[in-house]
Every structure is written in structure tokens, then in C-alpha cells.
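Thanks for coming, everyone. Please have a look at the structure on the screen, and then I'll walk you through a few places in it.

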Amino acid sequence: MGIKSILGNLPYTAELYWQFRQKDSPTTVGLNLSRLKEVLPGWVETAQAARAQATPGRKVLVFGMIHYWLEHTTLLSLTLAALGHEVTYAFMPYSHWRKSENRFDLRRQNAYILDVLRPVGDLLRIVSFFDRSPVPRHRSGDALEKDVLENQALRDTQYSLLTEEVESGSDLYNLRLERDAAMGAAVVAHLAADRPDVVVTPNGSILEFGVLYHAARARSIPVSTFEFGEQNYRMWLAQGDDVMRQDTTALWEARGDIPLTEAEWDRVRTMFTARQGASVFETFERTWQTADSKGARQIRTELGLDDRPLAFLPTNVLGDSLTLGRQVFIGMTEWIRRTIRWFGDHPAYQLVVRIHPGEGIGWGPSTFDLLKDAFPEFPSNVHVLSADYAVNSYDLVDAARAGLVYTTTLGLEMAMLGLPVIVLGQTHYRGKGFTHEPPDWDAYLAALQAALDDPTAHAPGPDAVATAWTYAYRFFFEYPQPFPWHIQHFWECLDEWPLERVLSDKGRAAFGGTFAALVGEKVLFD
């Protein structure tokens, strides 16, 4: 047993070591919050001034972990406190979610975070869930049902490796199960002793965030989960639901029957044109294509496609939390494999699989590599384009007779163009009236062959296409809620929206509804 393992279980050793040897050198622990420490006193002063004028609000528990979420959720907590809420800010001191950290280092990091947060004074109650969690001695834990913890650990392992197909007995799975059990025990102990009116946590799909989400739901405590997409100054927000499922039911029920105005039509058309090209649009922070359009004719020539009916299958990012857990009857990777085999057995048709460009910047295996393992040579009528292949997806859309998707939003866009689209996963636009959604494999193959043989008969009609355009407007412009600080551009957003401006009349007019929704007030779509 190493010296750190021994010292990690001895009282005060890590804390004293940090206090006397490392307090002035935070970079020697696993996470660096030096920028937060620098600005925090100013945030506290601003929040205290606003709170003096605020009406008392709700009892709120906010959770953060990993340096970027610690920065973000600290500011969120101070903002809610400034608005009058009684906020408990809880954290775990981990520096990474998929690497084992010994208890000695975790205790040093715990002491460091507590020291950084010291200036919040009476504005926030600070709670370390690490202090509340026992030294893990078992895998199932006493906090949550065993199957909940095991499912969470499996999801965490998939997310950590960015792949669907993982082993439940692997070292990483066991690490995630151990950490999720410790988190669960700490959360349940805290919720029993100090029940909040509402829990607020980032991404409720994965890691300790997911454990907190499930623990709150199991105890009928309202919980808000949030995440960020491709738009600055917008967040995805869910109340009592996993935000990564992007449940648009309430929005669609409230707004789906309302026709778009001419200005709204112009806006969604302009956005769609930007998505087709290599250009940004409004607050969207990235382009959607890696290449300019060459046209369907040229891309057919480039790929060696002939006149046989063509299906286009754009993948999702493998292991992304927008993809995991969206299985209806088959996982994404196995679906693609089996679809390739079907096309290999049906040479009268052609298939192009485009691997999501986002896999080129991830840390896990590419779907392309997994497919190459299964097919040393792809069937001659199947073309699989790697993540770094320079192609505009909309050229492939124009060349295809049918679209095959798991959960990617490109399926919505293909329906907007009048293409028959077959959806395999639980995506936000499923069931909205403009896609085919087979319930099993046989129904999928029947829908696939029918769409290839007679795309006109199986394409969405004019009313369904109009519905797809209406849904696209509602999803892109009304589902994301206004919010000042995007997690990926946090410090840059603060230049535009410092806390004092967010708490001003202008800031409250822009973002007040979202802060109210985070603590449980109903999201109004009007």
C-alpha cells in the first residue's frame, strides 16, 4: 500500500499538508481554480448588494464538480442567492470523472475548494459531499436502488469511453460504480437532513450529476437539469426530467398549432441556409459543415455512386449523452452494422454512412473504426465516410432517396426538405408527424425498402413538411432558454454579461424567467 493510501485514511494529514505546504500553490493539486478565486470577492460583493433588496425565495440545492462546472455553478449559486433564494452549494472534489484519485489527493483538493469558496460567507451554505460520503467499501451502496446505480455506472462508462459497447466488469465500470455509490450515500444523507425545495444540477444523464438527479426524483424533490448546446446565451433546461432527452412535449403542445409568422419563416429559412453552408448564424457558435457544397451530381461522381436508389445515414457522435440511452429496440452501433449487412445482401440499392465530424475531436474510438473492425471490406454498394472526410452532408441529402437516422437533428432537416426519414432512436422530434418510426427490426426493413423503391409515396406531404419547418423554428429558437453564461465560453460570456449587468433591470428582463424556471417556476412558452 502506498504512502498516500495510508495517509489518506488518517485524520487531518491531507488537510494539514495542503495548509502548510500547498496553499499558495494550487496547481499542485489536481484542479486549478485560481481564476475563480481572483474574481469571487467581486461577485460576492455584487450579489450581497442585490440580495439586500430581494424578496425571500426558495430553498435551493446546487451541485458542481470538475473545475469548469465548479466555476459555472458557483456563479449560478451566487446569482440565485442575489435573487433572494436560500442556496446550498454542494460539490465533489474530483478533478476528473474517469481517472482514479487516491483519498489523500481528494482530501487536499477538498480543502482547496473550501478555501477558494471561503469569501461567499453567509450568501451560500457550502457542503462537501465528499465529507459526507464514507470510504467506499461496497459497490451497491445504501443510497439508491442497486439497479439505478448499476445503470448509472454503465452510462458513465459509455460516456467516459465514448462508445455504447462496454463491459460491466471493467476497471472503469467498477470505478464509476464505486464513485456513484459514494455520491448516492452522501446525497441521500444530505437530503434526509436538509430537504431543499428544488435541486439544480447540470446534465442529469451522467456521472455524479445523474446520481443526484435520480436521488432527488426518487424522493419527489423537484429537480432542474440544464446543459448547453451550440448557441451562446441559451441553455437547455428541463424540470423533473433529464435535460439530454430534450423533451419538447410542453413546447409543442403550447406552440405546435400556431403557424409561423412571415418574420419567423424568414428567420428559420436563413438559419437553415447557414446550416447548409459553412457559415455561422446569430448566436450559434459554430458552422455545421466541414466543406462547401459541391452539388449532388459532383458528390455522386466523387464517391462513385450510380443511379441505384441511395440511402443516406448520418451518425451521431458515438457515446455522446445526447445519444446514450436512446434505444428503442437496437443500439446505434449495432443498427449501423446490421444496416450495412442488409445493403450488402441487396445490391440493387446503395448506402452512404457519414461518420459525425464531431468524432474527430473526441477522445474515444470512432464509429468508423468500429465498423472497419466488423467489415475489413465494406460491400461495394456501401460507402462509409470517416469523420475527417471533407463533404457537405446536404449534398448527400440531395443525392439520396431516403434518410436513416438515430437521433441526429439532420433527420429533422431531411424531413424539412421532403425526404422520407426513418428514425431509430428516441429523438426530440420523434412522434411529431413527419418521420417514420418503426417499432422493431422487421418494420424497419420494410420501411427502408419501401422508401427506396417509392420515395414519393413515403415522403412527408406538404402539410408534414410545413410541420417540420414549424417544429424546427420552435426547437431552435424557443426551446433553448435565455441564459448569460455558456459553459464552453464562460469567461468570454462574462465579458458581455458580468454579474452586475445580469442583476440589472436589463439583465433581469433578459434572463429572469430562466433563473425562475431553474428554481421551479413553470417555463412559459408564449
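This is a predicted model: local features need pLDDT of at least 70, side-chain atom pairs count only at pLDDT 80 or more; totals for chains, interfaces and linings use all residues.

Let's start inside. In soluble globular proteins, nonpolar side chains tend to be buried together. Here, the largest nonpolar core has 86 residues. Which residues have the most contacts inside it? They are Trp43, Phe129 and Trp485. Helix α4, residues 67–82, gives this core its largest share, 8 residues. There is also a second, separate core of 46 residues. Among its members are Phe312, Leu419, Ala464 and Tyr479.

Back to Trp43. Leave out residues up to four places away in sequence, and Trp43 touches Leu36, Glu71, Leu75, Leu78, Phe490, Trp491, Leu494 and Leu499.

Now the helix. Where is the kink in α22 centred? On phenylalanine 511, with an angle of about 60°. Phe511 is also one of the buried residues of α22, along with Gly507, Thr514, Phe515, Ala516, Ala517 and Leu518. What covers them includes α4, β4, β5, β6, β12 and α21. Just after α22, glycine 520 takes a positive phi of about 115°.

Last stop: glutamine 350, in strand β8, residues 350–354. Is glutamine 350 buried or exposed? It counts as buried, because its relative accessibility is 1% and the cut-off for buried is under 20%. Beyond its neighbours within four places in sequence, glutamine 350 is in contact with residues including Arg300, Asp306, Arg308, Phe343 and Asn381.

Conventions
Residues are numbered from 1 along each chain as its sequence is written. Side-chain values use heavy atoms; hydrogens and water are left out. A nonpolar core is a set of buried Ala, Val, Leu, Ile, Met, Phe, Trp, Tyr and Cys residues joined through side-chain atoms within 4.5 Å. Buried means under 20% relative accessible area, exposed over 50%, partly exposed in between (1.4 Å probe, protein chains only). Helices (H or I, at least four residues) and strands (E, at least two) are DSSP runs, numbered from the N terminus. Contact means heavy atoms within 4.5 Å. The bend at a residue is the angle between axes fitted to the seven residues ending there and the seven starting there.
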